[in-house]
Amino acid sequence: MAAAPLNLHDFTRSELVALVGAWDLSPVHATRLWNYLYYERVDNFAAMNELPVRLRKRLESETTLGRLPVARETHSSDGFTRKYLLALTDGHRIETVLMRYTGRTTACVSSQVGCAMGCVFCATGQMGYTRHLTAGEIVAQAVHVDRVLRSTAAETPALAEAGHESPHHRHERLRNIVLMGMGEPLHNYDAVMKAIDILRDPSGMALGAKKISLSTVGVVPGIIRLADERRPFHLAVSLHGATQAERLALVPAARAWPLDLLMEACRYYVTKLERRIFFEWTLIEGKNDSLGQAHAVGSLLKGMPAQVNLIPLNPTAGYTGVPGHQMAARRFQEILAGYGLPSTVRQRRGIDIGAGCGQLAVAE
Ligand code: SAH
Ligand code: SF4
C-alpha cells in the first residue's frame with residue numbers, strides 16, 4: 001500500500017526547507033512553496049507554476065495541500081457568525097466557527113474530533129472522543145477561515161456595522177484565533193503548539209501571540225508546560241465550580257486534576273509568565289449562579305492577576321440546565337468586583353446555528 005501523502009500544512013517553514021532539500025532541490029523553492037500555501041492560497045499544484053516541474057511532480061505524488069472541504073456551511077441570523085462543517089480525509093468531520101463582531105475577526109478552531117473530558121453541559125463532551133487532530137488539520141481550519149474572509153469581506157451587514165465597508169478593508173484577514181472549538185487543546189498539546197507555531201510564522205499567516213487564546217478544562221501538566229515553555233498566549237481555564245465537589249459535578253476531569261492542584265498550576269503560570277490568566281464560568285441556574293458561589297470564586301481567586309469570563313449556558317441536546325437571568329450574571333459580577341476581580345459576560349452569538357460555546361458537535 002502506498003504511504004499516506006504528506007500534508008503540507010503539517011510542515012513548519014524550516015521543515016519545508018528540509019523536505020525540499022532532501023529531494024535535492026534548492027531551499028529557494030521551499031520559500032516559494034510556503035508563499036503559495038500562506039500568501040496566494042493556491043488550491044492546486046498546477047498553479048504553482050514558478051516551481052520546477054520536478055518539484056511539482058513530486059509534490060503532486062507525495063503530498064496534499066491539506067484543504068478541508070466544506071460539508072456544510074451555516075450563517076447566524078444576526079450575520080455575525082458562520083459555522084463550517086469540515087471533512088477530514090478519514091471521513092470524520094469537525095466544526096470551525098468564524099466570528100465577526102466588535103470589529104474583530106476571529107476563528108474558533110477545533111483541536112480534536114470530539115472530546116474525552118466529558119463535561120456534562122457540553123455537546124462536544126456528550127459525543128465522546130474519537131481522535132486528536134493533526135497540526136495540519138488545525139492549521140487548515142485557520143487557513144479556511146482566512147480564505148473565506150478574503151473572498152467575502154465587505155459583503156455582509158455585520159461588516160458594514162463594524163465599519164469595514166470601505167474598499168481598504170476588502171482584503172480583511174484573520175487576526176485572532178481561539179482554541180475553543182471541539183476538543184481539549186492541552187490534551188493534544190504537541191499538535192496544537194506546532195499548529196500555532198506555523199500560524200505565527202511572520203512570513204506566513206503572521207498571527208500575533210496576543211491574538212491567540214487557548215481554553216483548557218484544567219489539564220494541570222499542560223498548564224505547567226505552557227509556563228515552562230513560556231508560551232505567550234492568552235490562557236483561559238474553565239472553572240465552573242469553586243469547590244472540588246461542585247466542580248467535579250460538572251467537570252469530570254476534576255477527578256484527575258483536583259481544584260487545589262489546578263489552582264497551584266495557575267499560580268505557577270501567572271508567576272512564571274508574569275501575566276494574567278482568565279477563568280471561564282458557565283452560568284447554570286441553580287447550579288453555580290448563587291451569590292454564595294460568587295463569593296467562593298472571589299475568595300478562591302482573590303489576589304491573582306485574573307479575569308473571569310461568565311458564559312450563560314448554551315443549550316445542548318444532552319443537558320437540561322438553563323442559563324438563568326441576566327440579573328444573576330450582573331450580581332455575580334458585582335460580587336467579583338468586590339474581590340478586585342474584573343469580569344465580562346460573554347455575548348450570546350451564533351446560538352441559532354449551534355455555534356455558541358459548548359454547542360459544537362458532529363454526529364459520528
Ligand atoms: N475544551 C476547552 C475549550 C472548549 S469549550 C475547555 O473546556 O475549556 C470553551 C468554553 O465553553 C469552556 O469554558 C467550556 O466549559 C464552555 N462551555 C462548554 N459547554 C457550554 C455550554 N453548553 N454553554 C456555555 N458554555 C459552555
Ligand atoms: Fe471537552 Fe471543553 Fe467540552 Fe469539556 S467543555 S467536554 S473539555 S470541549
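User: In which sense do strands β6 and β9 pair, and over how many bridges?

Analyst: Keep in mind that this is a predicted model. Look for strands lying side by side, then read their relative direction. Here strand β6 (residues 104-108) and β9 pair in the parallel sense, over three bridges.

User: Which other strand pairs with β9 in the parallel sense?

Analyst: Strand β10 (residues 212-216) does, again over three bridges.

User: Which way do the side chains of β9 point, and are they buried or exposed?

Analyst: Sort them by direction. In β9 (residues 176-179), N176 and V178 point one way. I177 and L179 point the other way. All four are buried.

User: Now the core. Which residues touch the most other members of the largest nonpolar core?

Analyst: I277 and F279 do, in a core of 113 residues. Helix α5 (residues 135-152) gives the most to this core, with nine residues.

User: Why does this core lie between domain 1 and domain 2?

Analyst: Check who contributes. Domain 1 (6-64) and domain 2 (70-353) both give residues to the core, so it lies between them.

User: Which residues is I277 in contact with, leaving aside its neighbours within four places in sequence?

Analyst: Select I277 and look around it. Among its contacts are L235, V237, C266, Y269 and V270. M304, P305, A306 and Q307 are in contact with I277 too.

User: Let's turn to charges. How many salt bridges does a search of the whole structure find?

Analyst: First the general idea. Side chains of opposite charge can pair when their charged atoms come close. In this structure the search finds 20 salt bridges.

User: What are the distance and the partner in the salt bridge of R82?

Analyst: R82 pairs with E73, and their closest N and O atoms are 3.9 Å apart. Now compare the surroundings of each partner. R82 is buried, with a relative accessible area of 10%. E73 counts as partly exposed, at 39% relative accessibility.

User: Which parts of the chain does the salt bridge of D228 and K272 tie together?

Analyst: Start with the pair. The side chains of D228 and K272 meet at 3.6 Å, N to O. D228 lies in helix α8 (residues 220-228) and K272 in helix α10 (residues 259-273), so the pair ties together parts that are 44 residues apart in sequence. D228 is partly exposed, at 39% relative accessibility. K272 is partly exposed as well, at 29%.

User: Which residues do salt bridges that share partners join into one network?

Analyst: Begin with one link. The side chains of R231 and E229 form a salt bridge, 3.0 Å from N to O. R231 counts as buried at 17% relative accessibility, while E229 counts as partly exposed at 33%. Shared partners then join D190, D197, R225, E229 and R231 into one network.

Conventions:
Residues are numbered from 1 along each chain as its sequence is written. Chains are lettered from A and ligands numbered from 1 in the order in which they are written. This is a predicted model: local features need pLDDT of at least 70, side-chain atom pairs count only at pLDDT 80 or more; totals for chains, interfaces and linings use all residues. Side-chain values use heavy atoms; hydrogens and water are left out. A nonpolar core is a set of buried Ala, Val, Leu, Ile, Met, Phe, Trp, Tyr and Cys residues joined through side-chain atoms within 4.5 Å. Buried means under 20% relative accessible area, exposed over 50%, partly exposed in between (1.4 Å probe, protein chains only). Helices (H or I, at least four residues) and strands (E, at least two) are DSSP runs, numbered from the N terminus. Domain bounds come from an automatic or database domain assignment. Contact means heavy atoms within 4.5 Å. Two strands pair if DSSP finds at least two bridges between them. A salt bridge is a side-chain nitrogen of Lys or Arg within 4 Å of a carboxyl oxygen of Asp or Glu.
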